Amino acid sequence: MKRIDVSNLSKHFTLHLQGGMQLPILDNVNLQVDAGECVVLHAPSGAGKSTLLRCLYANYRASSGSVRIRHEDDWVDIASAPARQIHAVRQSTLGFVTQFLRVIPRISTLDLVTQPLLARAVPGAEARERAARMLSRLGIAPRLWNVPPATFSGGEQQRVNLARTLICDYPILLLDEPTASLDEANRDTVIRMIDERRASGVAIVGIFHDKTLRDALATRLFPIPPLQPVTLVG
Ligand SMILES: Nc1ncnc2c1ncn2[C@@H]1O[C@H](COP(=O)(O)OP(=O)(O)O)[C@@H](O)[C@H]1O
Ligand SMILES: [Mg+2]
């Protein structure tokens, strides 16, 4: 079952401080992703991998083309959908993890991971128990659960970030180097958790620098199509 259908996607940035100069990044990208696939964006640094992922989440608006996301029983073109609909798609369909944890300060780690379940009407006690299980599985020691993650190490913050997203059953996961600073044991746990999701039918688009991760997770590599060469005139 198809879950993502990107058609003729182009993205350029307009640099207002450079007199409105246009900086093309993506040109005519076509990408379909089925349930149970893990497509890894594979291109050199600066090629536009994160930009493509952000277009899939509507963090960046596509300049042209469509980005259709299977949402419940419908297709939503997130490149042209109104904000209210984008919010609904993010709420229940699209999970997005980057390598940086961005959360409200002063909220404890356990509460941060419990929150998404409470928002989905899971009863408090069950939500906390599931959050605790998720944190244990990701190797966050119980002594840290009542502490806000602001002072955590980079690897710990990444695992809290993953926990917050993996606690929800999103049918689509977008992962932008979510494991960049993990040690080997935790990396193996994360590989297993992501691959379990994929095997259960989640559609995944990811960026993984590490070849071990790519080899373990990718069912397919997707190269970012090169930009058409620019002809300089005059
Ligand atoms: N908001 C932005 N404004 C201007 N340029 C941007 C913006 N975001 C990304 N870029 C540029 O787009 C190009 C691709 O960036 P990115 O998608 O992060 O590459 P990758 O993830 O493949 O390393 C880079 O040259 C980057 O500077
Ligand atoms: Mg990137």
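This is a predicted model: local features need pLDDT of at least 70, side-chain atom pairs count only at pLDDT 80 or more; totals for chains, interfaces and linings use all residues.

Trainee: At what angle do H3 and helix H4 pack?

Mentor: H4 covers residues 124-137. The axes of H3 and H4 lie 8 Å apart. The angle at which the two helices pack is about 125°.

Trainee: How many nonpolar residues does the contact of H3 with H4 have?

Mentor: On the H3 side, the residues that meet H4 are Thr109, Leu110, Val113, Thr114, Leu117 and Leu118. Their partners in H4 are Gly124, Ala127, Arg128, Arg130, Ala131, Ala132 and Leu135. By class, this contact of H3 with H4 has two charged residues, three polar and, for the class you asked about, eight nonpolar.

Trainee: How is H3 (residues 109-119) placed against helix H5 (residues 154-166), roughly parallel or oblique?

Mentor: H3 and H5 pack at an angle of about 25°, with their axes 8 Å apart. Because of that angle, H3 and H5 are roughly parallel.

Trainee: Which residues in H5 meet H3?

Mentor: H3 passes H5 in a right-handed crossing. From H3, the residues in this contact are Thr109, Leu112, Val113, Gln115 and Pro116. In H5 they meet Val160, Ala163 and Arg164.

Trainee: Now to the strands: is Asp5 buried or exposed?

Mentor: Asp5 sits in strand E1 (residues 2-15). Among the residues Asp5 touches, leaving out those up to four places away in sequence, are Leu31, Ser66 and Trp75. Its relative accessible area is 11%, and the cut-off for buried is under 20%. Asp5 is therefore buried.

Trainee: With which side chain does the side chain of Asp5 make a polar contact?

Mentor: This polar contact joins two side chains at 2.9 Å. The partner of Asp5 is Gln32.

Trainee: And what is the relative accessibility of Asp77?

Mentor: Asp77 belongs to strand E5 (residues 74-77). Not counting residues up to four places away in sequence, Asp77 touches Ser66, Val67 and Arg68. Asp77 counts as partly exposed, with a relative accessibility of 22%.

Methods:
Residues are numbered from 1 along each chain as its sequence is written. Chains are lettered from A and ligands numbered from 1 in the order in which they are written. Side-chain values use heavy atoms; hydrogens and water are left out. Axes are lines fitted to C-alpha atoms, for helices over the stretch in contact, and angles run from 0 to 180 degrees between N-to-C directions. Helices (H or I, at least four residues) and strands (E, at least two) are DSSP runs, numbered from the N terminus. Angles under 35 degrees count as roughly parallel, over 145 as roughly antiparallel, 65 to 115 as roughly perpendicular and the rest as oblique. A crossing is left-handed if the near helix is turned anticlockwise from the far one by less than a right angle, and right-handed if clockwise. Contact means heavy atoms within 4.5 Å. Buried means under 20% relative accessible area, exposed over 50%, partly exposed in between (1.4 Å probe, protein chains only). A polar contact is a pair of N or O atoms within 3.5 Å; within protein, one must be able to donate a hydrogen and the other to accept it, and residues adjacent in sequence count only if both atoms are side-chain atoms. Ala, Val, Leu, Ile, Met, Phe, Trp, Tyr, Cys and Pro count as nonpolar, Asp, Glu, Lys and Arg as charged, and the others, Gly among them, as polar.
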